[in-house]
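Here are some questions for a first look at a new structure. Keep the view open while you read.

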Amino acid sequence: MNGAIFFSGKYGSTEQYANWIGDATGFPVFDIKDPNADPAKYEYLILGSSIHYFKLSIRKWVRSNLSILKDRSKILFSVSGAGPGDKLDRWVAASLPSGLASQMQHVGLPGRLDHSKVSWWVRKMLWIGSLINPDPEAGKEERYGFDHVDKESIKPILEMVRQFKHSEVPT
Ligand SMILES: Cc1cc2nc3c(=O)[nH]c(=O)nc-3n(C[C@H](O)[C@H](O)[C@H](O)COP(=O)(O)O)c2cc1C
């Protein structure tokens, strides 16, 4: 199967997941910043994106490649502090052009926030965010950081790829 992984992240956790999925599937992995990252060359796409400030960081790339993405089978994995649920689904749907979210399967993966890797300005923003976060647990994580990155969580994605391979009609 002619597939590839395209990811957008900033602090390394999305890239880590992309590489794990690449190792398990044999698909090449591209950072969307790479000028050679061309989704038109592949028929099956796995898109990976971090969530920053309630938005998918891959959203602009998705818009600029919309005509290519529309015609292909695809999976999206997001990487965030928030776990799977309505809130995450809303952020994902709002980041994508209308209709596209329903065309792809979405898996939310647990992320990592290491305060020593972000700028003082971002630390300040996170601290302010933690004070107004209505969820006290999420607020604590925002303030002190967290590491929930877990290789096991890619299993549903590997299963989707396996099923897609299985459904392909041999030519
Ligand atoms: C500036 C900043 C903003 C963030 N905003 C959100 C957010 O709105 N919702 C959320 O669930 N997680 C948020 N996070 C947590 C990230 O989604 C998490 O750290 C993720 O693992 C980042 O992926 P990356 O390491 O590939 O950049 C934020 C993290 C940072 C540093």
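Q: Which helix and strands each supply at least two residues of the shell around the ligand?
A: This is a predicted model. The shell around the ligand holds 20 residues, with Gly-9, Tyr-11, Thr-14, Ser-50 and Gly-111 the closest. The elements that each give at least two residues to the shell are helix H1 (13–25), strand E3 (44–52), strand E5 (73–80) and strand E7 (112–113).

Q: Which element gives the most to the shell around the ligand?
A: Four elements each supply at least two residues, and strand E3 (44–52) is one of them. With three residues, the top contributor is E3.

Q: How many residues of the shell around the ligand are charged?
A: The shell counts 20 residues. Nine of the shell residues are nonpolar and nine are polar. The charged ones number two.

Q: How far apart do the C-alpha centres of domain 1 and domain 2 lie?
A: Domain 1 covers 3–111 + 148–167, and domain 2 covers 114–147. Their C-alpha centres are separated by 24 Å.

Q: How many residues does the contact take from domain 2?
A: The protein is divided into domain 1 (3–111 + 148–167) and domain 2 (114–147). Domain 1 brings four residues to the contact. On that side of domain 1, two are nonpolar, two are polar and none is charged. From domain 2, the contact takes six residues.

Q: What is the radius of gyration of the protein?
A: The secondary structure comes to eight helices and eight strands. For 171 residues the globule rule gives 16 Å, and the protein comes close to that, so it is as compact as a globular protein of that length. Its radius of gyration is 16 Å.

Q: What share of the contacts with a separation of 6 or more joins residues 24 or more positions apart?
A: Take the contacts in the protein with a separation of 6 or more. Residues 24 or more positions apart account for 77%.

Q: Is Tyr-53 buried or exposed?
A: Tyr-53 sits in the loop between E3 and strand E4 (55–56). Its phi is positive, about 50°, although Tyr-53 is not a glycine. Tyr-53 has 8, so it is exposed.

Q: How many C-beta neighbours does Phe-54 have inside 10 Å?
A: Phe-54 also lies in the loop between E3 and E4. Its phi is positive too, about 70°, and Phe-54 is not a glycine. Phe-54 counts as partly exposed, and its C-beta neighbours inside 10 Å number 13.

Notes: Residues are numbered from 1 along each chain as its sequence is written. This is a predicted model: local features need pLDDT of at least 70, side-chain atom pairs count only at pLDDT 80 or more; totals for chains, interfaces and linings use all residues. A residue is near a molecule or strand if its C-beta atom, placed from the backbone, lies within 6 Å of it. Ala, Val, Leu, Ile, Met, Phe, Trp, Tyr, Cys and Pro count as nonpolar, Asp, Glu, Lys and Arg as charged, and the others, Gly among them, as polar. Domain bounds come from an automatic or database domain assignment. Two residues are in contact if their C-beta atoms, placed from the backbone, lie within 7 Å. The radius of gyration is taken over C-alpha atoms; the globule rule is 2.2 Å times the number of residues to the power 0.38. A residue is buried if 20 or more other C-beta atoms lie within 10 Å of its own, exposed if 12 or fewer, and partly exposed in between; C-beta atoms are placed from the backbone.
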